Amino acid sequence: MKVEAKLKEQAAEKTLTTGADVFIRSLVDEDVDTVFGYPGGAVLPIYDALHRAKAPFQHILCRHEQGLIHAAEGYARVTGKPGVVIATSGPGATNLVTGITDAMMDSLPVVIFTGQVATGVIGTDAFQEADVIGITTPITKHNYQVTDVKELPRIVKEAFHIASTGRPGPVVVDIPKNIANEMATGELDKEFYLPGYQPTIKPNPLQIRKLADALSRSKRPLLLSGAGVLFAKASEELKLFAEKYQLPVTTTLLGLGSFPGTNELSLGMAGMHGTYAANMGIYECDLLINIGARFDDRLTGAIKHFAPDAKVAHIDIDPAEIGKNITTNIPVVGDAKEALKALLENEVEVTNHDKWCEKVFSNKSNYPLWYERSNDLISPQWLLEQVYQASKGEAVVTTDVGQHQMWAAQFYQFDRPDRWVTSGGLGTMGFGFPAAIGAQLGKPTELVVSIVGDGGFQMTLQELAVLKQWNLPVKVIIVNNEALGMVRQWQEKFYDERYSETLLSENPDFVKLAESYGIRALKVDNEEDVPALLEDVFSYDGPVVVDCRVVKKDCVYPMVAPGTGNHEMIGVTKTK
Amino acid sequence: MKRIITAAVQNRSGVLNRITGMLSKRAFNIESISVGTSETEGISKMTFVVEISDSQKLEQLTKQLNKQIDVLKVSDITDKAMVARELALIKVGSTGQNRAEIQGVIQPFRASVIDVSKDSLIIQVTGKPDKVDALINLLKPYGIKELTRTGVTAFQRGQQPQPVQEVNTLLI
């Protein structure tokens, strides 16, 4: 009887092996535990197979496809594993475009599966048809359209491999509906074949020696650490290297946490809103060792003033980043961890650079980040400091884009890697809140704080429903200045205070709004109430939305004005 | 400066779109591009002629091409011993009287007439781009009715004056 039942089961399994079943099984084979998805016509077979498979992984139904992709990005950023997205054809796929571009710019491993109309009607402007391959080619690391059910397992394997190795990035797999419906009876194609894709992991020892030589001769060395260090999980090696030779370290926006922010060798973030010590360090150093950063324009300022006296060494896994923006003297292609390990193996007689250290660290103490306290509403910078203290610097912090993002980057000190989730390259408003959902799912036991502006939050706040549904204890801190603050700041500084369309006079009542989703919500407009409130919020077991009314016309300082060099920062104040 | 770059690519759907898309996204100026099958099944050969302002941009171009998953190998063969050829078809206005004269003009170029009609001739010429340019200029006075060029396709010669340096090795 038992055998019979088993045979019956096997037979049933056989008859039900459609392309969609093969697809779900391929995801399970990749150890996928969370999928962010939204059903629709073209993915009906896939959702039916998911139903048949009886929840092989958790499926998070966001309320807009943009929410899916940002959540997947947040998940990928904190776990290091690829985020997985399923969306339907046409509008489902096109709604993902912003997030795919965001993942591409910030090198996040995300694998996106989109439905497509049946192969027979592709090209006929069928209902919900969009040229997903055409649209996503420039914004993905790679993309595929499945044309035969037997290649489905191979493509899924290749997609995960490409997304998560080398320089990570998004990969799109477009699955026509008939392929998902087709019976997968024949032999399946499982082994992947990528002769054109072999990222260099081990750096060339010759280049490492050159770098070590340059370091031994340098009188004013500086390390710049980017997100590449995080992807390579090389923070420990970076710390050992910096401490071994007493090298000051600055990070990019996306590299925050790759080196402990409270370490005495840390100069904090460099770039447009970086610290004076970091930017002057870059301006005055004679050897700049960039590890896993891509010399983005928000970091470099005017290129002719960027590290003018320095020999530039650049360690990057993507050879195309080396020499792209900044002329590089010592290129090192390879994984940051491998490169740092190799550097640590080389014993270097360093030139005494105590004087240099004295100078940069006196800059650090003499010209710290500063702000003026308000005696009316809450000072946003102070608020971020309070968030830092109340969460003991241990939270996973996600942000949107704008002033609150820069204040968070400045005033929240990240001592550990993979706790900072922000949209750097693309600068996507609406990123922070859904990214927090993904981050919380990726790190279920950690405190996740989503710091958002009142503008950006309104772009994706429909995902509050997901917080409620899964009871995710994300704490949303709305830094509410009733304005699109950063754009308003630029209008104030560079457009003679002509506040064209940047003041948000008609904001919703965020408390009532969150409550309508069944989520606890609070409003605070007085600094006195903040510490107790944050303590209460952070210890609450469940989601909370806090509407923090901050000073409306505060600006982010210091600042490198557009077109100027990093040494020409404005808004720098010396401590008395 | 004008550079001739060849790339071996996997013959998968969308590969040409992927590459031309990258070139336009990164603001590279392509003068010509030719694609065809190679000696290995499943692998195509592309030849680009690009106008590039400096060596940094050139390095970017080869690196960005290499970065494409479907691209197997990229070589800048401009400075190598090489053969580069293109084919052009030129339709010129011709009445009976000047037909012989045109024949005389094209003969040194080893071009041939491949079609004749009452009032026109189609001339086929193969060779280096400057040779093709020269012939086109000579034929202009007769009235060029239609013109099409394939773009350059190129090979390194079997024997090189010095060992070939692959683009890949420059990166490391």
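In the largest nonpolar core, which has 178 residues, Phe23(A) and Val85(A) touch the most other members. A nonpolar core here means a set of buried Ala, Val, Leu, Ile, Met, Phe, Trp, Tyr and Cys residues joined through C-beta atoms within 7 Å. Buried means that 20 or more other C-beta atoms lie within 10 Å of a residue's own; exposed means 12 or fewer, and partly exposed is in between, with C-beta atoms placed from the backbone. A separate second core of 16 residues includes Met46(B), Leu61(B), Val74(B) and Val152(B).

A word on the ground rules: this is a predicted model, where local features need pLDDT of at least 70, side-chain atom pairs count only at pLDDT 80 or more, and totals for chains, interfaces and linings use all residues. Residues are numbered from 1 along each chain as its sequence is written, while chains are lettered from A and ligands numbered from 1 in the order in which they are written.

Now for a sheet. Six strands of chain A form an open sheet in the order β9-β8-β7-β10-β11-β12, with parallel pairing. Strands are DSSP runs (E, at least two residues), as are helices (H or I, at least four), numbered from the N terminus; two strands pair if DSSP finds at least two bridges between them. At the edges sit β9 (266–269) and β12 (330–333) of chain A, each pairing on one side only.

Finally, look at Asn507(A), in the loop between α22 (485–494) and α23 (510–516) of chain A. Asn507(A) counts as partly exposed because it has 16 C-beta neighbours inside 10 Å.
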